[in-house]
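Please open the model in the viewer and keep the selection panel at hand.

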There are 2 protein chains.
Amino acid sequence: MSSQLPVARQHFIQGLSRISQFWGFPKAMGAIFGALYLSPNPLSLDELVEQVAVTKGAVSTNVRSLERLGMVHKQIVIGERKDFYFAETDFWKIVKTVLREREKGEFDRALRSIDESLEMVEQQVDTENPELAQFYQQRLQNLQAFFHTLDNLVATFLALDELRMGALERIIGSKMEKKSKSRST
Amino acid sequence: MSSQLPVARQHFIQGLSRISQFWGFPKAMGAIFGALYLSPNPLSLDELVEQVAVTKGAVSTNVRSLERLGMVHKQIVIGERKDFYFAETDFWKIVKTVLREREKGEFDRALRSIDESLEMVEQQVDTENPELAQFYQQRLQNLQAFFHTLDNLVATFLALDELRMGALERIIGSKMEKKSKSRST
């Protein structure tokens, strides 16, 4: 019986491509993560081009997106001119990275453009085309409110998560204390 | 003073493009949603091509992704051969649509490919290249476990949300009952 491993690997990469596409992300994004996730060694961009069968440009764009989401990391190999990449395997860490990303400058700048658009519109509400200005104002305010609620929810979740981690550490810590106490008595 | 509304609109569309790109989605996806969100009337694909300045193919692919996420809807206009699209404005409905999407066939099929890959690998664990087979097995099992946990979390969230909605309706219902009672006495 010949090895099923390359077949299983290809099947998995195709599955992740489909999940990626399903959520509206580029297909190559899922495929690249799949290829790195089932690789025992870090891979270069050229190796990814070979394995995933997309252009080098597409590989490099999608690797950058994956890096930003904390799903892949760069590994610097001394004496090698190429960059190598490996997959993050702690999925909860990825979830938290994604949720924390929203605090960073680039995302903030994007959200600020909603506030700025709203300001421009509010200067126009009583002048020319007041109906359209009011329509824009309403819609922009609604989106702004949603983003703020979402942001508070995520911040609460991350804070709770840290509390929970802290509590867990205290429980583990106190158990260890008890153990060492019972051992010492 | 000339109207700032087209400028505000363009600024908003650019902001949503950037948010979209930031999370690894195609830029056009955010731009198209932005154009529809700030449009008092539904728009055709051709109108979107004009407003967002991408190819018709890209518009149609991204409109389909947005439709699947429940972010835009098709409006059938009687006597018109073209399809028209409008933006969903209830953002919590979008969140729930996205979370419920995972129960649908296409997503399920994609997840099943992970299970199938794992089965193929498990048939190989004791034969050729056992180390690589074990590595694949471990990684595929971890991803499978993560997806199942995530799925349970989302299902719990949706169930709680329905309970909460039910409770809200009961509270509103009993208040309305009280009001009508106090009015009748």
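## Stop 1

The model is predicted: local features need pLDDT of at least 70, side-chain atom pairs count only at pLDDT 80 or more, and totals for chains, interfaces and linings use all residues. Residues are numbered from 1 along each chain as its sequence is written, chains are lettered from A and ligands numbered from 1 in the order in which they are written, and side-chain values use heavy atoms, with hydrogens and water left out.

Lys27(A) belongs to helix H2 (residues 27-37) of chain A; helices (H or I, at least four residues) and strands (E, at least two) are DSSP runs, numbered from the N terminus.

## Stop 1: chain A as a whole

Colour chain A by secondary structure to display 7 helices and 3 strands, in the order α-α-β-α-α-β-β-α-α-α from the N terminus. Of the 185 residues in chain A, 37% are buried.

## Stop 2: salt bridges

Which residue forms a salt bridge with Asp46(A)? Select Lys56(A): the closest N and O atoms of the pair are 2.9 Å apart (the rule asks for a side-chain nitrogen of Lys or Arg within 4 Å of a carboxyl oxygen of Asp or Glu). The pair links helix H3 (residues 45-52) and helix H4 (residues 56-68) of chain A, its residues being 10 apart. Asp46(A) is partly exposed at 33%, and Lys56(A) is partly exposed at 43%.

Turn to chain B, where Asp46(B) and Lys56(B) meet in a salt bridge of 2.9 Å, N to O. Finally, select Glu88(B) and Lys93(B), a salt bridge with its closest N and O atoms 3.7 Å apart. Glu88(B) is buried, at 10%, whereas Lys93(B) is partly exposed, at 46%. Over all chains the count is 8 salt bridges.

Notes: Buried means under 20% relative accessible area, exposed over 50%, partly exposed in between (1.4 Å probe, protein chains only).
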